Every structure is written in C-alpha cells, then in structure tokens.
Amino acid sequence: MDDTARDRTARRPDRILLTLVGVVVVLVVVALAVVFTRGEPAPLDGESPAGVVQRYSKAVIDGDSTTAQSYLTDAAKSRCRGAYYGEPAPARVVLVATTERPDSATVKVSIVRSSQGGPFGPSEYEMEDSFALLKVAGTWKIDQPPYPLMACTDVPVKQ
C-alpha cells in the first residue's frame, strides 16, 4: 500500500468522528432550545377565582409570603399558624376544576411535590385538594388554602 492510500484510510475515521460529534452537538442544541422555550403557563384572568389561586400558588412556591398573603381573607390570615416544616415544598400546582357561585367559589387543584432524597433518587407525588374563596368587596380572596400551600409568616404559634 502506498502513502497516498494510507493517508485516505487514516482520514476516513476522522470524518466519521467529526460527523458524530456534529450530530451530538445539534441534538444538544435542539434539546436546550425545547427546554428553555417551554415558558410559564399562560396567566389566567386575575379577577377570576382560578386566576387568584394561580397567582397565590406562584407566590407561595416562589417563597413570596407577603404577596401570597395579599390574596387571603382576614379570617384566613388569623387562622395561619406558622409554616409547615419537614415536608417537601410544592413544586407545582395544576388546576383541576372551578366551581363559582355568586359570593363563593371552590377551586380544586393537584399539588405536586418533589423530594430529592431516597434510595432510588428523586421522587414526585401529588395530591388533590381545594381552595375555598369568598368575594370580599367585589374581589375574590382565598378563605381556606390547602395546608401544603399555607402562606404563613414564620411567626411562632402563640401559646
């Protein structure tokens, strides 16, 4: 075999390797584009019971208890007795159903929690619960949130 034939044979694996690397890079770029362009869920009407629950839940998940408490009735704020510790915080809240009446509403949601620990790695579980809302001075306010979504300040429970 002469030197020219050896050079062609030696370059062929380099082209195959470069093609494979190029395909992998394209796949990674496409995957990242899909992940980062998913976006947030569309905001619901802020004047509706479901919209109030959506904004409240986002504030709770983001750790913004001041904003979250602005969606609560005074009675709900007075019943709030500190935060719940020891359980994973909700990762997301999914709207299941809304029942609206003239002065009250019920918004049923699925609350999804994630946990990083465990012998098999991260786990996720969900539960369904409901928000009770009241119309206060023409505005929907949450009178009873599900306990995993209580937006209490970290004030110790009074004895």
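Three salt bridges are counted in this predicted model. One of them joins Asp62 and Lys58, whose closest N and O atoms are 2.7 Å apart. Asp62 is exposed, with a relative accessible area of 51%, whereas Lys58 is partly exposed at 45%.

A further salt bridge is formed by Asp143 and Arg79, with 3.5 Å between the closest N and O atoms. This pair links distant parts of the chain, since Asp143 belongs to strand E4 and Arg79 to helix H4 (residues 74–79), 64 residues apart. Asp143 counts as buried because its relative accessibility is 18%, which falls under the 20% limit. Arg79 is partly exposed, with a relative accessible area of 38%.

Lys108 and Glu128 also form a salt bridge, the closest N and O atoms being 3.3 Å apart. Here too distant parts of the chain are linked: Lys108 lies in strand E2 and Glu128 in strand E3, 20 residues apart. Both residues are partly exposed, Lys108 with a relative accessible area of 34% and Glu128 at 47%.

The strands E2, E3 and E4 belong to an open sheet of four strands, which has the order E1-E2-E3-E4 and antiparallel pairing. Its edge strands are E1 (90–100) and E4, each of which pairs on one side only. On average, neighbouring strands of the sheet are turned by 35° against each other, direction ignored.

Strand E2 (residues 104–115) pairs with E3 in the antiparallel sense over twelve bridges. Ile111 stands opposite Met127 of E3. Strand E3 (residues 123–136) is in turn paired with E4 (residues 139–144), again in the antiparallel sense, over five bridges. Lys135 has Trp140 of E4 as its bridge partner. The hairpin of E3 and E4 has two residues between the strands, and Ala137 in this hairpin takes a positive phi near 50°.

In the helical part of the chain, Leu17 lies in helix H1 (residues 3–36). Together with Val21, Val25 and Val29, Leu17 makes a nonpolar surface patch of about 350 Å². Leu17 counts as exposed because its relative accessibility is 52%, over the 50% limit.

Ser48 is placed in the loop between H1 and helix H2 (49–61). The side chain of Ser48 reaches the backbone nitrogen of Gly51 at 3.0 Å. With a relative accessibility of 18%, Ser48 counts as buried.

How values were computed. Residues numbered from 1 in each chain as written. Predicted model: local features only at pLDDT ≥ 70, side-chain atom pairs only at ≥ 80, totals over all residues. Heavy atoms only, no water. Patch = residues over 30% accessible without salt bridge, like charges linked within 9 Å, V, L, I, M, F, W, Y side chains within 5 Å. Areas by Shrake-Rupley, 256 points an atom, 1.4 Å probe, with all protein chains shown as cover. Salt bridge = Lys/Arg side-chain N within 4 Å of Asp/Glu carboxyl O. Buried < 20%, exposed > 50% of the residue type's maximum accessible area, 1.4 Å probe, protein only. Polar contact = N/O pair within 3.5 Å; in protein donor to acceptor, adjacent residues only side chain to side chain. Pairing = 2+ DSSP bridges. Axes fitted to C-alpha atoms, helices over the stretch in contact; angles between N-to-C directions.
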